[in-house]
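Here is a short report on one protein model. It covers cavities and pockets, salt bridges, chain contacts and a surface patch.

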Amino acid sequence: DRVWQAYSGLRRPWLQQVEENVRMLAGQQSWRFIPAVGQFLDVAAFLEGDDRAWRDNPVFNRAKKYYDQALAKLTESPPILDAMPATADYADMKLAEIFGSVFKYEWDQMGVAQKYFTAMGWKIVAGRYVLKLDWDMQRGPWETWADETGAYQPGPDGQPMPAETPFRQQLGDLNMEVCVPTSVLWPTGPQHYRDKPWVIHEYWQGTDDIQRLYGVEVEPDPASDTGTDLLGTLGYGSPYGMPGMGWFGSMAGSPETRPDQVRCRARWQKADDKHPQGRVTIVTRDRVLVDDVNPHVVPGQQDEVVLPFYCFDRIGYPFRQEGTTDLEVCNPVYRAKNRRIAAMMDSADYHEQPVTVVNQSTMGDVPAEKLNRRGAVLEASSLAQNPLFRLDPPPIPAGSAQMNDLLNYEIEVLQNTDSKITGANLSDPSGELLRQMRYDADRPWGTSLRYDSYVWADVGLDMMKLLAAHMPAERVLSIAGDDLAWSCVPSRERRDC
């Protein structure tokens, strides 16, 4: 907790930017960060009445359209993982062949293809997505402790002992989790994240799960602790941009939270002189749940300690610790566009409901509600003077219309969504021109996607290490297939079989 709090000040600009991006996508575009109170507030809430608040701060959510288009582009070609031999040796070739099949199995059972959409969504919003690779004992096939002599169950020392009904447990398997980007902390510095000595992951866990996993009874965190943070909003809340509906830490107050949640922070540390097998420490607000060696140690290679977190940054400025987003440069233009539309709406409202001037000397005490009613019958004492007339409103200023067109152009440029690309009047029948224009529009994401391929390679290497640490070789070969398993058996042993 001390280390986490020490880094909060350094990360605050990025955390505020992520929250602003999320609020813009959620339709809360009139919310602004107020430094005096240290949180986002709805500026429209200080206006008189819901109608005036919406008229003065209309929301036309162009950020949502950009998000949909960017996500569609980035998920057209999802990644796949395969293995290639490092050398021409027979052992390397067979190992690559085995893990090529194992990777496909693990890819499917972890649901990476489905989770990729969520991951890419975070890259658009926060400039990065973070994956956590772990060994989950609640996955994998079931094992029944029984044979021809009877049933068994674990004894006091873990050894099998006779029982009336067989004990059943899952063998475990790899699991991949898409983390909330703001919930993972690496120490700041110019090093690549893989070279940094530790990483901290913040998450919520149920009290029942903590009791089952660690044998410790803990009390749930107070609502004031679980209802005023960014992690609770982005990972466990449901922020919507409905009128009068805030979210965690907003003026509307904190919504109901799950009563059994406990905030946990896990620090994963690499091997050093004091901890040759690494270290994992998991704490709650007032308890230490785990303080032990890193569980992901490759057998026989204690220096191979895996920190199972992988950071896929949007490549941007070299002086930033985090990735960049298009939304941070588009948000001011979105707000300016909404202001121009608000001005045009005021002019249109003026035309629809013009100011009416009544001559009291001829109209007398005519109720005002009759003056703007179709088919109303009005009585005038004299028509010598004009009894009433309406003031013609001024036209929409030409400068406002030009600024609106300019903002439309800026939005297309900043979002890389030039309307000419999707035009139907392209004269090239081969479609080559359209493909080239789309390629040019998508190029800003090219550096990020190429960088992602190197991070996926790190994921594949660590998958092999975690399988070596937790899965018996026999099961790895069975996943690869009987034919591959048989080809790995030495020829002398084949003859014996």
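A cavity is a set of points, on a 1 Å grid over the protein atoms alone, where a 1.4 Å probe fits but cannot get out; lining residues have an atom within 4 Å of a point. The model is predicted: local features need pLDDT of at least 70, side-chain atom pairs count only at pLDDT 80 or more, and totals for chains, interfaces and linings use all residues. Residues are numbered from 1 along each chain as its sequence is written, and side-chain values use heavy atoms, with hydrogens and water left out.

## Cavities

The count comes to 2 cavities of 30 Å³ or more. The second largest cavity has a volume of about 50 Å³. A volume here is the space filled by probe spheres set on the grid points, which are joined across faces, edges and corners. Val112, Lys115, Tyr116, Ala119, Tyr129, Leu131, Met176, Val178 and Trp456 line the second largest cavity.

Helices (H or I, at least four residues) and strands (E, at least two) are DSSP runs, numbered from the N terminus. Three elements, α5 (112-126), β3 and β9, each give at least two residues to the lining of the second largest cavity. The largest share, 4 residues, comes from α5. By class, this lining has 8 nonpolar residues, no polar ones and 1 charged. Ala, Val, Leu, Ile, Met, Phe, Trp, Tyr, Cys and Pro count as nonpolar; Asp, Glu, Lys and Arg count as charged; the others, Gly among them, count as polar.

## The largest pocket

A pocket is an open set of grid points with protein on both sides within 12 Å along at least five of seven lines. The largest pocket has a volume of about 1200 Å³. Its lining holds 41 residues, and Lys132, Asp134, Gln205, Leu213 and Tyr214 lie nearest the centre.

Which elements supply at least two residues each to the lining of the largest pocket? They are β3 (128-136), β9 (173-179), β11 (198-206), α6 (207-214), α8 (230-236), β12 (261-269), β13 (279-283) and β14 (288-292). Strand β11 gives the largest share, 6 residues. The lining of the largest pocket divides into 19 nonpolar, 10 polar and 12 charged residues.

## Salt bridges

A salt bridge is a side-chain nitrogen of Lys or Arg within 4 Å of a carboxyl oxygen of Asp or Glu. The whole structure has 17 salt bridges.

| Pair | N to O distance |
|---|---|
| Lys64 and Asp68 | 2.7 Å |
| Glu97 and Lys94 | 3.3 Å |
| Arg265 and Glu202 | 2.8 Å |

The Arg265 and Glu202 pair links distant parts of the chain. Arg265 is in strand β12 and Glu202 is in strand β11, 63 residues apart. Both Arg265 and Glu202 are buried. Buried means under 20% relative accessible area, exposed over 50%, and partly exposed in between (1.4 Å probe, protein chains only).

Two other pairs sit within helices. Lys64 and Asp68 are about one helical turn apart, because they are 4 residues apart in helix α3 (residues 62-74). Lys64 is partly exposed at 39% relative accessibility. Asp68 is partly exposed too, with a relative accessible area of 36%. Glu97 and Lys94 are 3 residues apart in helix α4 (residues 90-110), so about one helical turn separates them. Glu97 is partly exposed, at 39%. Lys94 is buried, at 16%.

Salt bridges also form a network. It links Arg194, Asp458, Asp462 and Lys465.

## Contacts along the chain

Asp173 belongs to strand β9. At 0% relative accessibility, Asp173 is buried. The C-alpha atoms of Asp173 and His470 are separated by 8.3 Å, with the two residues 297 apart along the chain.

Thr207 lies in helix α6. Its relative accessibility is 16%, so Thr207 counts as buried. Thr207 and Val218 are 11 residues apart along the chain, and 6.3 Å separates their C-alpha atoms.

## A surface patch

Tyr350, Val355, Phe389 and Leu391 make a nonpolar surface patch of about 320 Å². Patches are made of residues with over 30% relative accessible area and no salt bridge; like charges are joined within 9 Å, and nonpolar side chains (Val, Leu, Ile, Met, Phe, Trp, Tyr) within 5 Å. Accessible areas come from the Shrake-Rupley method with a 1.4 Å probe, and for residues only the protein chains shown count as cover. Phe389 is in strand β19 (residues 388-390). Phe389 is partly exposed, with a relative accessible area of 39%.
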